[in-house]
Amino acid sequence: MTVKQFFKSNAFKSLAVLILIVLVAGALLAIFNDLLYVSDEERLSRSLAKIYGTEVTAEELELTEEERTYAYGSVNAVYFVEDDGNYLFQTTGTGGYGSGGTVTLWTIVACTGTAEAGDLTLTGIEKVVYDSNNGQTFISNLNDDFYAAFAQQDELVAGGGYFTAVTNGTDDLNNIVAGASKSSNAACNAVNTALACFRTVFMGGAA
Amino acid sequence: MNAKLKQYGKIAYDGLITNNATFKLVLGTCATLGMSTSAVNSFGMGLSVTVVLLLSNVIISLLRNVIPNTVRIPAFVVIIATMVTLLRMVLEKYIPDLYDSMGVFLPLIVVNCVILGRAEAFASKRPVIESAVDGIFTGLGLTCALTLIGIIREFLGSGSFFGIQVMDFKIGFFTNAAGAFFVYGICIALFMLITDQADKARRVKKAQLLRVPAEPLPPVDNTAVQATEET
């Protein structure tokens, strides 16, 4: 086949059309990506608005790699919420379903005092909001009641305790959902990670 | 003009009922089962697929004489993937809640059989307006079916209706995959039953309209026969 024959062939036409379609599609996506770009700040303000219901001002706090990793999971980000003086954690809890199954949650840790004055005291969990998961098929079984239960156990939290995904025999603790026990475990670990980080880094104690 | 409208009507009816993607053709089952845990999610998924169907059908129909037959499938996939990526960007920017709730099922629209199926079977052979009508009504048929399954599963599984709590009881089975298959199967059975009955009724009516009213037969003249017997 000569060069001239190649350029007149169906194979060349097919290739040219396909390449043209790909180029136009790529250009279109590039333009729209620029127009519809969602910045990290916008993402954060959306998350905060979802958690608090209103717009709040929060300052991200720096953590070292060591301060981010705990037996329960890891801290992705921590913010000091200037409006109410509480700390907001985004943490990923391990121990979910499957190998490497995790649940990521937002946890508002309620406290009194300030870290600067050295009188910071943990009083409880104000709110827990679901963020994302990895490999948790039954995550939708963890309903609002499940997340609300974390905020109803101030005594446990103020007393230095951690959450476990088991009933305590009296059914007082609602930190487990039947049919999603592994996801419940990972969710508990995500909240525990926030508590461990707060106690270790900001209160200066041992986890 | 009237014939055109009639044809669009037929395409619309086919998309909604006769070739309903979910209940009749059983296409896009992965998204149907995965996204139908709540009515809002189902409705959002249905509308997303409708938008992609409409856009991809129109573009493929416009390019039907340009795209060589040998590369039509890769070309269709590139077009559909572009439309889905655009939709993802728009949802992430303007409807983040829906974007979050759809999760992995949003990019998976690319491999939804309904879209590639309509591109290959319809849009690549028909004019633009017909393809657009087909895209809209096939998408709406899928949206209605998905929303119906979502309403049933949400009501039985969570005791709510479009997110509003209406009942105290919850049957966890319906929020699971097994419950999704169960509801889907029941819905398909009911849809087939209703459409079959309607079809039967329509055929009977048509037959009755076509039947010529029976006229009384003229009295038989036996005189010739009697004459023959006598001879």
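Predicted model: local features only at pLDDT ≥ 70, side-chain atom pairs only at ≥ 80, totals over all residues.
## Close-up views of a two-chain model

View 1. You'll find Val56(A) in the loop between α3 (40-52) and β1 of chain A. What does Val56(A) touch, once residues up to four places away in sequence are not counted? The list is Leu48(A), Val81(A) and Asp83(A). Another residue to look for is Asp84(A): it sits 28 residues from Val56(A) in sequence, and the two are 9.1 Å apart in space, C-alpha to C-alpha.

**View 2. The open sheet of chain A.** Here we've got five strands in the order β1-β2-β3-β4-β5, with antiparallel pairing. Which strands are at the edges? They are β1 (58-60) and β5 (121-134) of chain A, each of which pairs on one side only. Going from one strand to the next, the twist averages 25 degrees. Helix α7 (residues 181-202) of chain A packs on this sheet and touches β2, β3, β4 (102-112) and β5 of chain A. The direction of this helix makes about 135 degrees with that of β3(A).

**View 3. Strand partners, pair by pair.** Strands of a sheet pair through backbone hydrogen bonds, either parallel or antiparallel. Start with β2 (residues 73-81) and β3 (residues 87-93) of chain A, an antiparallel pair with seven bridges. Look for Gly73(A), whose bridge partner in β3(A) is Gly93(A). Next over, β3(A) and β4(A) also pair in the antiparallel sense, again over seven bridges, and Leu88(A) stands opposite Ile108(A) in β4(A). How many bridges join β4(A) to β5(A)? There are eleven, and these two strands run antiparallel. Val109(A) has Ile125(A) in β5(A) as its bridge partner. As for cover, eight of the eleven residues of β4(A) are buried.

**View 4. Helix α3 of chain B.** This helix takes in residues 39-62, 24 residues in all, and reaches 34 Å from its first C-alpha to its last. That's close to the 34 Å expected at 1.5 Å a residue. Is α3(B) mostly covered or mostly open? It's mostly covered, with 19 of its 24 residues buried.

**View 5. The largest nonpolar core.** This core has 48 residues, and the members that touch the most others are Val49(B), Val52(B), Ile79(B), Ile80(B), Met83(B) and Val114(B). Among the elements of chain B that give it two or more residues are α2 (29-35), α5 (96-102), α6 (113-123) and α8 (177-210). The largest share, ten residues, is from α3(B). Now pick out Val114(B): leaving aside neighbours within four places in sequence, its contacts are Ala21(B), Leu27(B), Gly28(B), Val49(B), Leu53(B), Thr138(B) and Leu142(B). There's also a second, separate core of 42 residues, including Val75(A), Leu88(A), Ile176(A) and Cys197(A).

**View 6. Where the two chains touch.** On one side are 20 residues of chain B, in contact with 18 residues of chain A. Which element gives the largest share of the chain B side? That's helix α4 (residues 72-94) of chain B, with eleven residues. By class, the chain B side holds twelve nonpolar, six polar and two charged residues.

Note on methods:
Residues numbered from 1 in each chain as written. Chains lettered and ligands numbered in written order. Helix = DSSP H or I, 4+ residues; strand = E, 2+ residues; numbered from the N terminus. Expected span 1.5 Å × (residues − 1). Buried ≥ 20, exposed ≤ 12 C-beta atoms within 10 Å, placed from the backbone. Contact = placed C-beta atoms within 7 Å. Nonpolar A, V, L, I, M, F, W, Y, C, P; charged D, E, K, R; others polar. Core = buried A, V, L, I, M, F, W, Y, C linked by C-beta atoms within 7 Å. Pairing = 2+ DSSP bridges. Axes fitted to C-alpha atoms, helices over the stretch in contact; angles between N-to-C directions.
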